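This briefing covers one protein model, starting with its core. Look at the sequence and the structure first, then read the points below.

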Amino acid sequence: MTASQAWGPDSGLAVERTTLAWRRTALSATVAFVILAHASLTSPTSAATTVAAAAVLAVAAVACQLRGRALRARRPRHIGTVVATVATAVATASTISMIGMTL
């Protein structure tokens, strides 16, 4: 959306579907965070990289949750920063995890 005005009534379910998609992404990041946190506790050899990846996934989960709340409240905001944050977080977490697995 380019204008900063409130959304009108929605005749379809597009906002609900989008909100659910953001919620699923947040849930996936949270599950990945828990798995990496467990791995860091059980395998101290790669604990530093696992903790770093888990922290990045926590940022992704929070960003997704905030976007979902904004959609449910029907507050139009520019999505560019949220998408950039989530994409960067997931790419960084993947890279850190792969580096940690090779060590």
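The largest nonpolar core has 11 residues in all: Ala29, Leu36, Ala53, Ala54, Val56, Leu57, Ala60, Ala61, Ala89, Ala93 and Ile96. A nonpolar core is a set of buried Ala, Val, Leu, Ile, Met, Phe, Trp, Tyr and Cys residues joined through side-chain atoms within 4.5 Å, where buried means under 20% relative accessible area with a 1.4 Å probe, protein chains only. The model is predicted: local features need pLDDT of at least 70, side-chain atom pairs count only at pLDDT 80 or more, and totals for chains, interfaces and linings use all residues. Residues are numbered from 1 along each chain as its sequence is written, and side-chain values use heavy atoms, with hydrogens and water left out.

**Contacts**
- Beyond its neighbours within four places in sequence, Ala29 is in contact (heavy atoms within 4.5 Å) with Leu57, Ala60 and Ala61.
- Of the contacts in the protein with a separation of 6 or more, 70% are between residues 24 or more positions apart.

**Overall build**
- The protein has three helices and zero strands, counted as DSSP runs (helices H or I, at least four residues; strands E, at least two) numbered from the N terminus.
- Of the 103 residues in the protein, 30% are buried.

Note on methods:
Buried means under 20% relative accessible area, exposed over 50%, partly exposed in between (1.4 Å probe, protein chains only).
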